[in-house]
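Here is a friendly note to read alongside the model. Please keep the structure open and look up each place as you go.

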Amino acid sequence: MSASADDEVVLVDDAGTPCGSAPRATVHTAETPLHQAFSLYLFDGEGQVLVTRRALGKATWSGVWTNACCGHPRPGEELGQAVRRRLHDELGVAVERLDVVLPDFRYQAVDASGVVEHELCPVLVGEVRGELHPDPEEVAEHAWLPWQQLVSAVAAAPRVWSPWAALQVPRLAACLPAGLPHTGTPGPGGQVGSEDTSADVTLGAVEQLLRTELAWTRRVWSSLAPAGPADVLGDEPGDLPQWLAGLLAAGGKRLRPRMCHWGFVAGGGRPGTPPHDDLVRVAAALEMLHEFALIHDDVMDQSEERRGRPAAHVVAASRHRAAQGHGDDSRFGENLALLLGDLAHSEADRLVRHLPAPLLDYWYELNLELIVGQRADLTGAAARRTDLAHSEAVAALKSGAYTIERPLQLGALAAGASQGQREVLARFGHHLGRAFAWRDDVLGVWGDHAVTGKPSGDDLREGKTTLIWVLGAERLSGAAAAAMARVGTNAAREEDVPLLQTALLEAGVRQEVEDRIAAEMVAAEASLDDGVLSTEGVEGLRATARAVAWRSS
């Protein structure tokens, strides 16, 4: 059936960044703003391509021949979900394979009525088997043609075709001279997906979903917040949605989405299948959750910097001082940072709200685990815990599990991986998670400020109970032991951190941690030799593990 009149489309700026939404029924005028859309070219099992003739009752370009299906993603809707929804509505069929071929296609065209189409319109190709059931309000006729026949027909008479098809088909012919290749690999449930299993496929989709979600948040926020710019905060960093978008755009390694991706591929998942949409959604939610954790962690640790920039609570406090705000500037900064973190957590939960139950249950367990780890870190530091068991437990809860093990398992769950595959990924994730956490410890003591974006020796300054702290407590004496007793308290001295950095090196602490990291890497790689994971997944996991364990930031 036809889409309802109150559907909304996503508006974008010239750079392609979502900047609002508008009702689909009213957005197309003589001055149509740039908005998100998509075009789908559908192939059958014999390599023929579907062409359709638009219904005579269509408001624009009625009666012209065009590709299989076009439409618009709704706010917060992933591209693959939008394509499948619209394909079902227009043609009553499901797609078995879906690949983005022209991700940056955009065009502008004017209908005889004066209505303008102005769209950022990724072009996809898909494969389908089964009988079509076209909606007569959308499709007047349809036909299956050999691919080269369509290419020749569009070249000979482009005006017979929709303006978008006339532009798209020649570009598709350059990418797919023989039409849709039939070398796809079955994914979960026998679905055929993309041959491109690189992490870039998932990371690109995650970035797009984050932009779309934040555009929705800004729109709803602006309808709720008092008119005008936020008091004290001003244009920079702006109100909370703008501020959060800036933090997410500032970068980060996107490590958690990468681990999700390789867990998915290792478990047999393929990009271009419906389970991949679930993967993208949970991976985007992990990035939001990570931003929440960083913002709150900086407040709790009183960290001044994050990724080479002032931490959120520092930014808010400086704005308070600049505006000569009422009350305590430090308390204001912390309060605003906590709200900003809360917004990120709210966004993460919104992103996962429609996930299948196994993924959703696992997601909430991950959230609890992260909070348990932060609580243990705070109470352990207050109690001056120096035992190895405590430091390893905190590192696993706060760092290794939520960064490595849990994302791997979320990817495997999305792929429908077997129990045996998940067990292998659990062993790999356990060892790599320990290596990741201990590398964090090393960087927190000896990391280069210019590379890590945080002051060198920050973990020592805060008196964090890391593996390095535990080993140092066993080995240091004299002036170094006295410095360990002072750091993290009001008695700390400026020279304590460099003194400890040198003393820990000389006591062999760094070398022992490096040896432990190397041992965990050997164990992690060995766990992948069972032969139950996909070849592409194992290759991706090995490469990612090395980058994680030997990173410098």
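1. Start with Arg84, which in this predicted model touches Val95, Leu98, Gly272, Thr273, Pro274 and Asp277, once neighbours within four places in sequence are set aside. Contact here means heavy atoms within 4.5 Å. Arg84 sits in helix α2, residues 79-91. Helices (H or I, at least four residues) and strands (E, at least two) are DSSP runs, numbered from the N terminus. Is Arg84 buried or exposed? Arg84 counts as buried because its relative accessibility is 18%; buried means under 20% relative accessible area, exposed over 50%, and partly exposed in between, with a 1.4 Å probe and protein chains only.

2. A word on how to read the values. The model is predicted, so local features need pLDDT of at least 70 and side-chain atom pairs count only at pLDDT 80 or more, while totals for chains, interfaces and linings use all residues. Residues are numbered from 1 along each chain as its sequence is written, and side-chain values use heavy atoms, with hydrogens and water left out.

3. Next, look at helix α8, residues 274-301. Its 28 residues reach 41 Å from the first C-alpha to the last, close to the 40 Å expected at 1.5 Å a residue; the expected span is 1.5 Å times one less than the number of residues. How many residues of α8 are buried? The helix is mostly covered, with 26 of its 28 residues buried.

4. Phi of Gln302 is positive, near 55°, in a residue other than glycine. Most residues other than glycine have a negative phi, and most peptide bonds are trans. Gln302 counts as partly exposed, because its relative accessibility is 42%.

5. Now see how helix α7 (residues 255-266) packs on α8: the angle is about 155° and the axes are 8 Å apart. Axes are lines fitted to C-alpha atoms, for helices over the stretch in contact, and angles run from 0 to 180 degrees between N-to-C directions. The two helices are therefore roughly antiparallel; this label applies to angles over 145 degrees, while under 35 counts as roughly parallel, 65 to 115 as roughly perpendicular and the rest as oblique. On the α7 side the contact includes Arg256, Cys260 and Phe264, and on the α8 side the residues include His276, Leu279 and His290. The crossing of α7 and α8 is right-handed; a crossing is left-handed if the near helix is turned anticlockwise from the far one by less than a right angle, and right-handed if clockwise.

6. Helix α7 has another partner to check, α20 (residues 535-549). Their axes come within 8 Å and cross at roughly 155°, which means that α7 is roughly antiparallel to α20. Here α7 passes in a left-handed crossing. Among the residues that make this contact are Met259 and Trp262 of α7, and Gly537, Gly540 and Thr544 of α20.

7. Ala480, Ala483, Met484 and Arg486 of α17 are buried. Why do these buried residues line one face of the helix? Seen down the axis of α17, they fall within an arc of 165°, where the arc is that of the directions from the helix axis to the C-beta atoms. The face turned away carries the exposed residues Gly478 and Ala485. The cover over the buried residues includes α16 (467-475) and α18 (496-506).

8. Leu476 counts as buried because its relative accessibility is 12%. Not counting residues up to four places away in sequence, Leu476 touches Ala481, Met484, Leu500, Ala503, Leu504 and Ala507.

9. Finally, visit the loop between α5 (199-224) and α6 (240-249), where Pro237 lies. Which kind of peptide bond joins Glu236 and Pro237? The bond is cis, with omega about 15°. Val232 is in the loop between α5 and α6 too, and its phi is positive, near 70°. Val232 is partly exposed, because its relative accessible area is 26%.
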